[in-house]
Amino acid sequence: MDKDSQGLLDSSLMASGTASRSEDEESLAGQKRASSQALGTIPKRRSSSRFIKRKKFDDELVESSLAKSSTRAKGASGAEPGRCSGSEPSSSEKKKVSKAPSIAVPPSPVPAPGLTKRVKKSKQPLQVTKDLGRWKPADDLLLINAVLQTNDLTSVHLGVKFSCRFTLREVQERWYALLYDPVISKLACQAMRQLHPEAIAAIQSKALFSKTEEQLLSKVGSTSQPTLETFQDLLHRHPDAFYLARTAKALQAHWQLMKQYYLLEDQTGKRPRSWQHAVQPLPKGDQVLNFSDAEDLIDDSKLKDMRDEVLEHELTVADRRQKREIRQLEQELHKWQVLVDSITGMSSPDFDNQTLAVLRGRMVRYLMRSREITLGRATKDNQIDVDLSLEGPAWKISRKQGVIKLKNNGDFFIANEGRRPIYIDGRPVLCGSKWRLSNNSVVEIASLRFVFLINQDLIALIRAEAAKITPQ
């Protein structure tokens, strides 16, 4: 009895424990609902943590980038340092949150779409990409040096050789632009700074001579024979008067030009009235030597007659080749004469005292002046009597197509020795066969048609001679 009563007591206690647990859970759930209704929040619905990607529009891209940059800069308030603000909580964290009492969290402020983030741009050097037009940096440097030397734009236009042919107005406009236009002046200066030092030195060597420089050079006498040391000494004595790029050789060349045009001081009274004789030849000395002077100094007897064997061999071969071509043209002369006669129509009569028969085509006319002639297509290695290629396309004709013979009795026969048949008045003559030709017979060879004409008078004489010989 005691055991039964003890078992009943345990079962009642377990039932009461489970009932109390269920009541506690229901009461906790009721409190959660009440708190959520009081705070106006709705319990979060379980969903997948996967993110469905879709294409964003331009405004969404801007907003998302701004939001990410602002969150990265400020950081998430109240969040753990290892977790990003936009990441999903783990399962353990969800359990902790579900067990902890729900507290209303104020939403984080979202940046307005109109706000933009200021990005500091790195300062880059300004690149000269503007087209300067026809004026190159070398032209600008030439113009500046020439104006500083002469102070006269007309002299600059006449004396300076630019890369293009500029007019006086263009030179003036460019100079004023370099002086008063800040944009063009800045671009031109930047372009001139980028020139190579050798190019700058070459441009400076072309600078015009100023009046002061020419006055100093004109004092050197025209009758004297100045050397490079003379002009080098002149440079040392007047360093401020001469341009920085002047050399003794340049001064000597300009002094010779001044002497040639009678511009020196001791030549003022000797200047001729007619400018046709104003220019005198350059001095004949060791410094200047023209071609005629050098030719006079050459002794022809001392020149060696050097024979070039290779050149002589080439000339001999070329002469031999030309003679061979001349002989070949002489052999083909009668063929070209046939073509000329057919085109001009000024052909000689069909028969003469030496023509036995004529094979007349549409373009050419072949004369038979021997008892046997060969027909065909002429090549370099095969020369025949009648070249049918002069009449038309003969690529189907054999090189030796046939033979025409005159018998002693005055009859003409044609023998076919080619691969294609020959048609005589429409009758085919095969290879190895022959056929008698009569007057006005039509001979067709590979679509080329000819008319065979016989000189009846000459053939009659031949037959009479044959008749006289046979009875004896």
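In the sheet described here, A357 stands opposite I454 in β11. The structure is a predicted model, in which local features need pLDDT of at least 70 and side-chain atom pairs count only at pLDDT 80 or more, while totals for chains, interfaces and linings use all residues. Residues are numbered from 1 along each chain as its sequence is written, and side-chain values use heavy atoms, with hydrogens and water left out.

Strands β1 (residues 357–360) and β11 (residues 448–454) pair in the antiparallel sense over 4 bridges; strands are DSSP runs of E of at least two residues and helices runs of H or I of at least four, numbered from the N terminus, and two strands pair if DSSP finds at least two bridges between them. An open sheet of 6 strands runs in the order β2-β1-β11-β10-β7-β8, with antiparallel pairing. At the edges stand β2 (365–368) and β8 (427–429), each with a single partner strand, so one side of each is left without a neighbour in the sheet.

Turning to the helices, the axes of α6 (residues 168–180) and α7 (residues 182–193) come within 6 Å and cross at roughly 95°; axes are lines fitted to C-alpha atoms, for helices over the stretch in contact, and angles run from 0 to 180 degrees between N-to-C directions. The two helices α6 and α7 are therefore roughly perpendicular, a term for angles of 65 to 115 degrees. Contact (heavy atoms within 4.5 Å) is made by R174, A177, L178 and Y180 of α6 and P182, I184, S185 and A188 of α7.

As for confidence, the mean pLDDT (the predictor's confidence in each residue, from 0 to 100) of the protein chain is 74, and 61% of its residues reach 70 or more.

How values were computed. Parallel < 35°, antiparallel > 145°, perpendicular 65-115°, else oblique.
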